[in-house]
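I opened my notebook to record what I looked up, one entry at a time. The structure goes in here before the notes.

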Amino acid sequence: MSKLHFPHPPRRRLCSFPPRSKPLDPRFVNMCSSLDNLQLSYTRNALISTIAGMGVVSFRQNQSQSRVSRGGKAQPQGKETKPVAGVCLIGLGLYFASYGTVSYLATCVSVYRLFPAHRAPILARAVGVGVAPLGLFSLSVGCLFDWRIRRWVRDHLPEIIST
């Protein structure tokens, strides 16, 4: 009888131990933690600015809806208070989110050039930590100011969420 010849090595079983991998380079781990701190800082600043802006917009909206000044006299119809400061703070939050993402992605490219062997973790980190939150943040800010974006989001949400 002849010996069977398999062109590929047999596959591992489902519950077998994973192969031993090389330990991570400490420089790579330090750079990734620096990247996370960079993104966290910009995201935190973006959220703080946006929350403060929403507070100012909400306050000004409530103030102009009541139309009662401090002296108890009603304000004239044309003198509604505009929430310019709130809109500027929301814009500042959007700036922090977008600038933080761009600098995060630029730093990811630098890390990728230094450590080309870690391609998949860097790509997953760039998409998951950088691009996705900026997209959601931009969409939510867009929903505040444009009825077409609100309608598009409402049409694409499941019924249990959009009710």
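This is a predicted model: local features need pLDDT of at least 70, side-chain atom pairs count only at pLDDT 80 or more; totals for chains, interfaces and linings use all residues.

Entry on the whole chain. I looked up the elements and found five helices and zero strands. Read from the N terminus, their order is α-α-α-α-α. I then checked burial: the chain has 163 residues, and 20% of them count as buried. For contacts, I took those between residues at least 6 apart in sequence, and 71% of them join residues at least 24 apart.

Entry on helix H2. This helix covers residues 84–114, which is 31 residues. From its first C-alpha to its last it reaches 45 Å, close to the 45 Å expected at 1.5 Å a residue. I listed its buried residues, among them Gly 86, Ile 90, Gly 93, Phe 96 and Tyr 104.

Entry on Thr 50. I located Thr 50 in helix H1, residues 26–66. Is Thr 50 buried or exposed? Its relative accessible area is 11%, so Thr 50 counts as buried, the cut-off being under 20%. I next looked for its partners, leaving aside neighbours within four places in sequence. Thr 50 is in contact with Leu 89, Ile 90, Gly 93 and Phe 137. Ile 90 and Gly 93 were already on my list of buried residues of H2. Last, I checked the side chain of Thr 50: one of its polar atoms lies 2.7 Å from the backbone oxygen of Ala 46.

Note on methods. Residues are numbered from 1 along each chain as its sequence is written. Side-chain values use heavy atoms; hydrogens and water are left out. Helices (H or I, at least four residues) and strands (E, at least two) are DSSP runs, numbered from the N terminus. The expected span of a helix is 1.5 Å times one less than its number of residues. Buried means under 20% relative accessible area, exposed over 50%, partly exposed in between (1.4 Å probe, protein chains only). Contact means heavy atoms within 4.5 Å. A polar contact is a pair of N or O atoms within 3.5 Å; within protein, one must be able to donate a hydrogen and the other to accept it, and residues adjacent in sequence count only if both atoms are side-chain atoms.
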